[in-house]
Amino acid sequence: MIKLKNAVGYIRINSNELSDVEFGIEEQKQAILKYANDNGYGIVEWKIDTVNGANDSCPELNEILYGDVSNPPFEAVIIFENDVFAHDIKLFFYYFYVLDKKNIKLLCTQQNFAEGDKVANACHDLICYVAEQERRNIALRTDRARSIKASCGGYSGGRCPYGYKVENGRLIINDEEAIMVKKVFELLSNRYTLQDTADWLNDNDFRTRKGKKFYPSNIKAIKDNKPLYQGMYKYGKMKSWVKGVHEPILNNTDENL
């Protein structure tokens, strides 16, 4: 037995036109039920708005767009015809967009906007394009904000360096790791190689954050971050270090470390 997909049936009737309307509530219901049956959907909930004019509020429609109607359990909203949903094409596109953001299809019993129709596909492609541009703009704004924060010496994300932890978006000294960082620079200043330094840490029960042994690559990463441990900061593609707002682990006047 094929499992039906859940759908909401939406009907909108203008009470001022009830005496003249060709497709009333029952007629629309029958058309929606037939469309649902033919396309593998089951109507599990009806939403019906009876309004007094074109600009009257539609509480049931608002419930679909902004309420608890979500996927799951609902995969689609089925309407009788486009004009029933919205007389203004801009509003219709907006409703289509809101539902698409909730991963809910908007389906119409009339062929002028049925599932898979060229107009429907074009509308969906446009929505995907708008959503993609929105994601890119958010990424650009986020990256710009991080760059501005970094230029002022503030922690702007990325892997937290050994010796620090992140609290409320700031680098705070991690006392246990800071001991290890200081020891690394002490050993390096005494002409220990990267391998010798890693061996010393491992022999003295120091471990990485993942509980693993240290390797020369770990020591090199700490060594390359010396300016940071002396109170400077650099993020991403910044060309030079700037004065950081974090507390230094090393004394930046001690050039022997």
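These legends describe close-up views of a predicted model. Residues are numbered from 1 along each chain as its sequence is written, and side-chain values use heavy atoms, without hydrogens and water. Local features need pLDDT of at least 70 and side-chain atom pairs count only at pLDDT 80 or more, while totals for chains, interfaces and linings use all residues.

**View 1. The protein chain has nine helices and eight strands.** Helices (H or I, at least four residues) and strands (E, at least two) are DSSP runs, numbered from the N terminus. Of the 257 residues of the chain, 36% are buried, meaning under 20% relative accessible area with a 1.4 Å probe and protein chains only. Among contacts (heavy atoms within 4.5 Å) with a separation of 6 or more, 62% join residues 24 or more positions apart.

**View 2. Helix 8 spans residues 216–224, and its buried residues are Asn218, Ile219 and Ile222.** Seen down the helix axis, these residues fall within an arc of 95 degrees, so they line one face of helix 8. The arc is taken from the directions from the helix axis to the C-beta atoms. An α-helix has 3.6 residues a turn, so residues three or four places apart point the same way. The cover over the buried residues of helix 8 includes helix 6 (175–189), helix 7 (194–203) and helix 9 (226–229).

**View 3. The largest pocket has a volume of about 600 Å³.** A pocket is an open set of points on a 1 Å grid over the protein atoms alone, where a 1.4 Å probe fits, with protein on both sides within 12 Å along at least five of seven lines; lining residues have an atom within 4 Å of a point. Points are joined across faces, edges and corners, and the volume is the space filled by probe spheres set on them. Of the 27 lining residues, Arg159, Cys160, Pro161, Tyr162 and Ala221 lie nearest the centre of the pocket. Helix 8 gives the most to the lining, with five residues, and helix 9 supplies at least two.

**View 4. Glu177 belongs to helix 6.** Glu177 is buried, at a relative accessible area of 14%. Leaving out residues up to four places away in sequence, Glu177 touches Pro161, Tyr162, Gly163, Tyr164 and Arg209.

**View 5. Cys58 and Cys108 are shown for their burial.** Cys58 counts as buried at 10% relative accessibility, and Cys108 is buried with a relative accessible area of 1%. With a disulfide taken as a pair of cysteine sulfur atoms within 2.5 Å, the count is zero.

How values were computed: Buried means under 20% relative accessible area, exposed over 50%, partly exposed in between (1.4 Å probe, protein chains only).
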